Amino acid sequence: MRYTIFPLTLILMLASSCAKFTTEHTSVVGTGPDELLKLRAGPGLGFRVVLGLPEGTMLNRLDCGTEIGWCRVSLGAAPQIRGYVSADYLSAY
């Protein structure tokens with residue numbers, strides 16, 4: 001009985017942390033008419049560019065606390081496409 005409590009406790013902790021996970025809607029702002037915000041594979045300039053996002057692109061903000069200045073997002077129209085963008089170019093929707 002004693003050995004089954006630890007795995008059960010760990011599972012419950014993970015499940016409760018996922019339950020607090022909320023998605024906020026946001027959009028790309030401040031890029032200008034001829035510029036694209038780079039959606040990157042990781043939180044930093046050294047990560048590969050996944051795609052360019054024009055101003056007004058709707059995003060789901062997943063997390064902004066892991067790396068200062070970067071947010072993990074998914075595309076509003078295609079949530080399976082995820083990456084990181086600079087928090088400076090996001091606005092609440």
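The exercises below, each with a worked solution, concern a predicted model of a protein chain.

**Exercise 1. Confidence along the chain**

Find out which element of the protein chain has the lowest mean pLDDT and which has the highest.

*Solution.* Begin with the chain as a whole, whose mean pLDDT is 81, with 73% of its residues reaching 70 or more. Then go through the elements: helix α1 (residues 2-19) has the lowest mean pLDDT, at 43, whereas β2 has the highest, at 98. Finally, look at residues 4-20, where pLDDT stays under 50 and where the model has zero contacts beyond four places in sequence.

**Exercise 2. A pair of charged side chains**

Identify the residue that forms a salt bridge with R61, and decide whether R61 is buried or exposed.

*Solution.* The structure holds one salt bridge. In this pair R61 is joined to E24, and the closest N and O atoms are 3.6 Å apart. As a general point, side chains of opposite charge can pair when their charged atoms come close. For the second part, the cut-off for buried is under 20% relative accessible area, and R61 is buried because its relative accessible area is 17%.

**Exercise 3. The surroundings of F47**

Work out where F47 lies and which residues F47 touches, leaving aside residues up to four places away in sequence.

*Solution.* First place the residue: F47 lies in the loop between β2 (37-40) and β3 (49-53). Next consider its accessibility, which is 40%, so F47 counts as partly exposed. Apart from residues up to four places away in sequence, F47 touches R40, A41 and G42. A further distance concerns Y84, which is 37 residues from F47 along the chain, and the C-alpha atoms of these two residues are separated by 9.3 Å.

**Exercise 4. The largest pocket**

Describe the largest pocket by its volume, by the residues that line it and by the kinds of residue among them.

*Solution.* The volume of the largest pocket is about 160 Å³. Its lining is made up of T31, E35, L36, L37, K38, R40, L45, W70, S86 and Y89. When these lining residues are sorted by kind, five are nonpolar, two are polar and three are charged. As for the elements, β2 gives the most to this lining, with three residues.

How values were computed:
Residues are numbered from 1 along each chain as its sequence is written. This is a predicted model: local features need pLDDT of at least 70, side-chain atom pairs count only at pLDDT 80 or more; totals for chains, interfaces and linings use all residues. Side-chain values use heavy atoms; hydrogens and water are left out. Helices (H or I, at least four residues) and strands (E, at least two) are DSSP runs, numbered from the N terminus. Buried means under 20% relative accessible area, exposed over 50%, partly exposed in between (1.4 Å probe, protein chains only). Contact means heavy atoms within 4.5 Å. A salt bridge is a side-chain nitrogen of Lys or Arg within 4 Å of a carboxyl oxygen of Asp or Glu. pLDDT is the predictor's confidence in each residue, from 0 to 100. On a 1 Å grid over the protein atoms alone, a cavity is a set of points where a 1.4 Å probe fits but cannot get out, and a pocket is an open set with protein on both sides within 12 Å along at least five of seven lines; lining residues have an atom within 4 Å of a point. Grid points are joined across faces, edges and corners, and a volume is the space filled by probe spheres set on the points. Ala, Val, Leu, Ile, Met, Phe, Trp, Tyr, Cys and Pro count as nonpolar, Asp, Glu, Lys and Arg as charged, and the others, Gly among them, as polar.
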